Amino acid sequence: MTGKQPPPSQPKPDERIRDRNEAKILKSAVELFSRKGFDGTRISEIAKASELPKANVYYYFATKEAIYTRLIERVLVGWDIALEHIHPDREPRDALSAYIDAKLTYSKNHASESRFFANEMLRGGQFMSRKQIRHMKEITRERVRVIEGWIEDGKMVRIDPHHFLIMLWATTQFYADFSNVAAVSLEKKRLGAAEFEAARATLVEIVLNNCLPTK
């Protein structure tokens with residue numbers, strides 16, 4: 001028996017309002033947290049920046065800590081998505097190029113989130129749960145094993161996988177966490193699409209030319 005497929009379920013009006021207001025709160029909060037830190041940011045400031053009554057902020061998030069921990073979760077998801085490119089079924093040339101591109105795209109589009117997380121790590125990861133810290137360690141170990149496999153298969157030169165990942169993370173994060181420094185170095189008022197593309201091309205060329213075996 002055939003028939004028309006039922007239309008996909010649409011969010012209810014209340015759900016759309018919740019999603020929209022939560023997004024406004026999180027966007028405003030991450031900008032404030034990235035500049036002023038957890039202790040220096042007040043709920044009243046988040047409410048003002050998000051153009052919502054303070055009571056509404058408390059309606060969606062019971063505490064300032066709840067907003068902060070939600071933001072940590074979002075950043076970790078972004079990291080996971082980028083790291084998915086480093087997969088044993090992919091060739092290192094394609095995988096590493098895609099990872100660098102994904103991380104720089106994240107730095108360009110989510111600079112506040114990147115700076116926010118960097119500040120949290122400088123505080124010692126005070127608001128990160130044991131589960132989140134364990135996840136970061138596990139996903140790093142998985143990618144280290146992928147790189148070790150490429151090395152053993154002769155697809156990469158022998159380098160320390162841990163320090164290699166740290167190097168990739170540091171260079172791509174720099175364009176978000178220290179965007180002002182990068183802009184001054186490039187004699188630009190701010191980093192634009194052209195600067196991020198030049199960074200991507202340069203990093204990919206350096207990594208591929210020095211980490212992959214010559215034919």
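In the predicted model, helices H5 and H10 form a right-handed crossing. The axes of H5 and H10, the latter spanning residues 193–211, come within 10 Å and cross at roughly 150°. H5 is therefore roughly antiparallel to H10, since angles over 145 degrees fall in that class. On the H5 side the contact involves Arg93, Leu96, Ser97, Ile100, Asp101, Leu104, Ser107 and Lys108. These residues meet Phe196, Ala199, Arg200, Leu203, Val204, Val207 and Leu208 of H10. By class, nine residues of the H5–H10 contact are nonpolar, two are polar and four are charged.

H5, which covers residues 92–109, also packs with helix H8 (residues 161–177), at an angle of about 30° and with the axes 8 Å apart. H5 passes H8 in a right-handed crossing. From H5, the residues in contact are Leu96, Tyr99, Ile100, Lys103, Leu104 and Ser107; from H8, they are Phe164, Leu168, Trp169, Thr172, Gln173, Tyr175 and Ala176. The H5–H8 contact comprises nine nonpolar, three polar and one charged residue.

A further partner of H5 is helix H4 (residues 64–83), with the two axes 8 Å apart at an angle of about 155°. H4 and H5 are therefore roughly antiparallel to each other. Arg74, Val75, Gly78, Ala82 and Leu83 of H4 meet Tyr99, Ala102, Lys103 and Tyr106 of H5. Six of the residues in the H4–H5 contact are nonpolar, one is polar and two are charged.

How values were computed: Residues are numbered from 1 along each chain as its sequence is written. This is a predicted model: local features need pLDDT of at least 70, side-chain atom pairs count only at pLDDT 80 or more; totals for chains, interfaces and linings use all residues. Side-chain values use heavy atoms; hydrogens and water are left out. Axes are lines fitted to C-alpha atoms, for helices over the stretch in contact, and angles run from 0 to 180 degrees between N-to-C directions. Helices (H or I, at least four residues) and strands (E, at least two) are DSSP runs, numbered from the N terminus. A crossing is left-handed if the near helix is turned anticlockwise from the far one by less than a right angle, and right-handed if clockwise. Contact means heavy atoms within 4.5 Å. Ala, Val, Leu, Ile, Met, Phe, Trp, Tyr, Cys and Pro count as nonpolar, Asp, Glu, Lys and Arg as charged, and the others, Gly among them, as polar. Angles under 35 degrees count as roughly parallel, over 145 as roughly antiparallel, 65 to 115 as roughly perpendicular and the rest as oblique.
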